[in-house]
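Reader: I would like to learn how to read cavities, pockets and sheets in a model. Please take the features one at a time.

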Amino acid sequence: MVMFKSRKHIGLLSAILAISLTASACGGNKESTNQVAGSAAETSAPGSSTAAKPVAEKKVKDAMGNEVTIPANPKRIIASYLEDPLLVLGEKPVAQWMVANGTQLYLEKELSGVPTIPSTLPPETVLSFSPDLLLIGNESQVAKGLYEQYSKIAPTYVLGDEIVGDWRKTLLKMAELLNKTDIAEKALKEYEDKAKTTRDKVKQTIGDKSAAILWLSKKTFYVVNGKVASGAVLYGDLGMKSPNILAVLPDAKANWVSISLEKLAELDADYIFLVNSDKGQAGNLEEPLWRNIPAVKAGHVYEFDRSGSWLYNGLIAGSKVMDDVVKSLSK
């Protein structure tokens, strides 16, 4: 052991210790500053809120009156058939909606690499994805004891028919739950601006002429009911004139209503936007009744396959429909 016998040595040792402690303190402050900066950077990252606000879990009531604890920052979300608004909010689901005919192909790029889950959401399959939040659209999806099973797996919030019937309300409600209202409002503003620009272009191109939206699947024609999916975009957002057949069809809750070829022969639309799921198959498009429809004879039929967004609701879907309309009418 070394002994310091003089006060000079003791003073020197004290000075060295003081300098070491000061340097250590400065280093610690620098590290803390970096950590705070890192947290702020994460908060400002694309797909998250631009403001560095503390986020905590919260208790809310869903459309069914269930009290649900929403995690502060859920990372493994299942929002089957709600992927469109989820993506708008900068979130990627842990699994995506699927039916026998496939997925929502218009979101194929955005959902690349995301595994599928049956639209019926079997509880054992849901469990296999270890979600930390389930967002459900309609009340009917959690009937027959399914809600109880889901809620044991993860917090389960049901938006309800009234909300999911309007994609704008759906987006805003999901944004509220995920603390991303600012992102939703910005996206909606951009959508409305795009709709106005597109509406002006369409008006300049075709004036007050009418347009019909048809879907051909398994040799059966369907017409959109005018209030949802691409119908809401054309007749609502873009202000296009609807054809006579929409006025005589029974008021239906279904997005698409079947219509006979004989009834279609009375169609007075100047333009037809056709989603053809039977593309490449012989069928109704070769029938004289179809070929004699005025818009068909005039060559004003614009055809899309099932990979498009015309059958779906949502901000991304609607934006893609507008792109299709502008591109089609400019030909």
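Reader: What volume does the largest cavity have?

Author: On a 1 Å grid over the protein atoms alone, a cavity is a set of points where a 1.4 Å probe fits but cannot get out. Its volume is the space filled by probe spheres set on the points, which are joined across faces, edges and corners. Here the largest cavity has about 40 Å³, and the structure holds 1 cavity of 30 Å³ or more. This is a predicted model, where local features need pLDDT of at least 70, side-chain atom pairs count only at pLDDT 80 or more, and totals for chains, interfaces and linings use all residues. Residues are numbered from 1 along each chain as its sequence is written, and side-chain values use heavy atoms, with hydrogens and water left out.

Reader: Which residues line the largest cavity?

Author: Lining residues have an atom within 4 Å of a point. Among them are W167, Y191, Y312 and N313. Helix α8 gives the most, with 4 residues; helices (H or I, at least four residues) and strands (E, at least two) are DSSP runs numbered from the N terminus. The lining divides into 7 nonpolar, 4 polar and no charged residues. Ala, Val, Leu, Ile, Met, Phe, Trp, Tyr, Cys and Pro count as nonpolar, Asp, Glu, Lys and Arg as charged, and the others, Gly among them, as polar.

Reader: How much space lies in the largest pocket?

Author: A pocket is an open set of points with protein on both sides within 12 Å along at least five of seven lines. The largest one here holds about 1,200 Å³. Of its 44 lining residues, the closest to the centre are Y81, N255, L311, Y312 and N313. The lining comprises 18 nonpolar, 17 polar and 9 charged residues, and α6 gives the most, with 4 residues.

Reader: What is the strand order in the open sheet of 5 strands?

Author: Strands of a sheet pair through backbone hydrogen bonds, either parallel or antiparallel. Two strands count as paired if DSSP finds at least two bridges between them. The order here is β10-β9-β8-β11-β12, with mixed pairing. The edge strands, β10 (256–259) and β12 (301–304), each pair on one side only.

Reader: In which sense do β9 and β10 pair?

Author: Strand β9 (residues 220–224) and β10 are antiparallel over 4 bridges. Within this pair, F221 stands opposite I259 in β10.
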